[in-house]
Amino acid sequence: MASHSDTLVVFFGATAGANGGKLGSDERELILLVWQIVDLHEKKVGKLQRCLVKPDSLDLTEQCKEETSLTVDELLKAEALDSVLQQVQQSVSAEVKALGRSSYTLCVDGPLIIRQVLHPEASKKNLVLPECFYSFVDLRKEFHKCCPNSGPAKDLTLSSMLDYVCIPPVEDQMAGVTEVENMVLIALHILDEPYNHQFTGFEAVKYKFESGACKTEAVDSETVIRARGLPWQSSDQDIARFFKGLNIAKGGVALCLNAQGRRNGEALVRFINSEHRDMALERHKHHMGSRYIEVYKATGEEFLKIAGGTSNEVTQFLSKENQVIIRMRGLPFTATPQDVLGFLGAESPVTDATEGLLFVKYPDGRPTGDAFVLFACEEYAQNALKKHKQILGKRYIELFRSTAAEVQQVLNRYMSTPLISTLPPPPMVQMPVMAAQPFLTTGTTRDCVRLRGLPYTAAIEDILEFMGEHTIDIKPHGVHMVLNQQGRPSGDAFIQMKSSDRAFMVSQKCHKKMMKDRYVEVFQCSTEEMSYVLMGGTLNRSGLSPPPCKLPCLSPPTYAAFTNPAAMLPTEALYQPPLLATPRTPQPPTHQAPTLAYYPPQAHAQLYMNMNMNYTAYYPRPLSPPVSPSTMSYFAAPPGSMAAAVAAQPPPAMLQHGAQHGALVRMQGLPYNAGVKDILSFFQGYQLNPDTILVLYNLSGQRSGEALVTFPSEETARRAVAERSNQNLYGHPVRLLCCK
């Protein structure tokens, strides 16, 4: 940035749309430039120059026609922007040299013509602006220094400044000329007595965005915006180019990621001050390519949450200045640093070899398939990007431009909590079926997709990676992996989408796409068809085959509605395998029905021997890591309600083979991580076995803090309650109650 100058070039411009205080807010092109030189030493002025610019679009707004009096015919005869800018530079340089001066600086009435018009338009048209357009002085701020009582600099106008110093304004019929002549009058006035002002407030436009790690200092909320609707492959340099002309703080672009660690089309941008932030807000719905970008205010806390520092490993990785960062996604879990270096090749050497690689891992050390790579220059990075979707091992690798903020955000997400939580272990014993609405609802709307032919080793991470950008269109609780009778993956999965249109798009774009070394078939289907398969039916090209539980002789009731007390089943039949069925309309009971549905264990083999109905339900959420049940052994019931319902019944037996009579004790206040072994240890000396203990789970598949224990006799149960009630288990006092 210049520290002094011999001459000023008083500069004015107008666009084909809004002008004045809204200059540049509507993305309209420049159509007029006017300038005049002021010699700061001699306090003399040069010849006034006026030049028209031919825009790509000759559509002038009515406001523009009224303010500038320009016509389309006049603009048709003008030259394009790049030619006009070269003429400006040559004309000014020649005149400054003729005056015997060595340097000059643009002087403008507010920064909009430079920051909001010239630089954004040149960036879109891939024009290289002359160096003189990267430094300027703002006449309003200079006048405010001389006349601080004239009001805030941002509120000053040419008329108000002239009125303050009692100078009559110049009136001219030609657009642009009036403004420049009045600016020259003000400049000459503050150069003279009594002000003797020196123009020192040189403002600079950054040539290039500086990437780097964000310091964990407080961030002023008046300097941060949120940009939405970005192309998912946008880099920090692309975003900086969208805001060209405005100065972004070093490392001030933070790309936002969704719960699956992928970019969600949003970014937080931090500017050097509130003035630049306010100008950025005026670019709301400006275009990046063919997409318009929404720009909103954001807070410093939001920015730090996304771009804040992480571990020492990340800090050390990002400590190398002026490095280009590339993100690699889809690496084989067995990939080594040497494999990655070999994949990138000699034409794209990594900075400091293996030290320029950062592998992203889960907290337990398992690789996620992501890595970040540092390159010393743009050429090396471009060579690496040419490897996009090439094969390493048996997997194709995706490569994208990345940022320091994205590195920190990805590491924050993966290292704090797994993006997809690991499944809880299956319960030790089966759960009672509550009279509650099942997880699935039926419908004929084709808003689901079926994935067929998945690798048997495919995990939820692989499915979400396979879905790519369509992951954001998945309904909450909407991913279902089908297991076979042995509880192993069947190669099928169902995904519930937000609409039938989204489901159709996924089926078109992902059909026969590769997952690992297999291609996966993707078909659009309805929720009803999905339910049929999940309950044991088959869905193929020849149609639907009903599941065994839909056959008349094998369809047990889903709700506890009994018409005859004599039909009540024995208490031994309380516990049964998990059940998932389409809900029916319950028949009104003729008496007070119990809250549980009973099925005798002797009938299990007959009722369920052919049911291929077990599946795992994963619940991707947009903002937080999911907590998902592992099997349909979990049913909708608030914590404690299941225990209360069971305790109200006569004491059941919890044996796999036949009945066992005894006394039931309810445990409350258990640690949520307490299991059967912990309860056996708690009742050490009472000769219990694992089959007599039932740990209760809530709807989220988590332990509810309650359990039921069957003792051999009522006397033993009472003694256990008396001796062990309110004793601590891992620091938690446990309450014991005898169930009558």
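1. In this predicted model, the structure holds nine aromatic pairs. One of the pairs joins Phe-683 and Tyr-686, whose ring centres are 6.1 Å apart and whose planes stand at 90°, so the pair is edge-to-face. Both Phe-683 and Tyr-686 are buried.

2. Tyr-686 also pairs with Phe-711, again in an edge-to-face arrangement, with 6.0 Å from centre to centre and 85° between the planes. Because Tyr-686 lies in the loop between α20 (676–682) and β27 (693–697), while Phe-711 belongs to strand β28 (residues 703–711), the pair ties together parts that are 25 residues apart in sequence. Phe-711, like Tyr-686, is buried.

3. Another arginine placed over an aromatic face is Arg-395, which lies over the ring of Phe-333 at 5.8 Å from the ring centre.

4. A separate point concerns Gln-409, which is found in helix α14 (residues 404–416). With a relative accessibility of 2%, Gln-409 counts as buried, because the cut-off for that class is under 20%. Leaving aside residues up to four places away in sequence, Gln-409 touches Leu-255, Cys-256, Leu-257 and Ile-306. Of these contacts, Cys-256 is 153 residues from Gln-409 along the chain, yet the C-alpha atoms of the two are separated by 7.9 Å.

Definitions and conventions. Residues numbered from 1 in each chain as written. Predicted model: local features only at pLDDT ≥ 70, side-chain atom pairs only at ≥ 80, totals over all residues. Heavy atoms only, no water. Phe/Tyr/Trp six-rings, centres within 6.5 Å; stacked < 30°, edge-to-face > 60°. Buried < 20%, exposed > 50% of the residue type's maximum accessible area, 1.4 Å probe, protein only. Helix = DSSP H or I, 4+ residues; strand = E, 2+ residues; numbered from the N terminus. Lys NZ or Arg CZ within 6 Å of the ring centre and 35° of its normal. Contact = heavy atoms within 4.5 Å.
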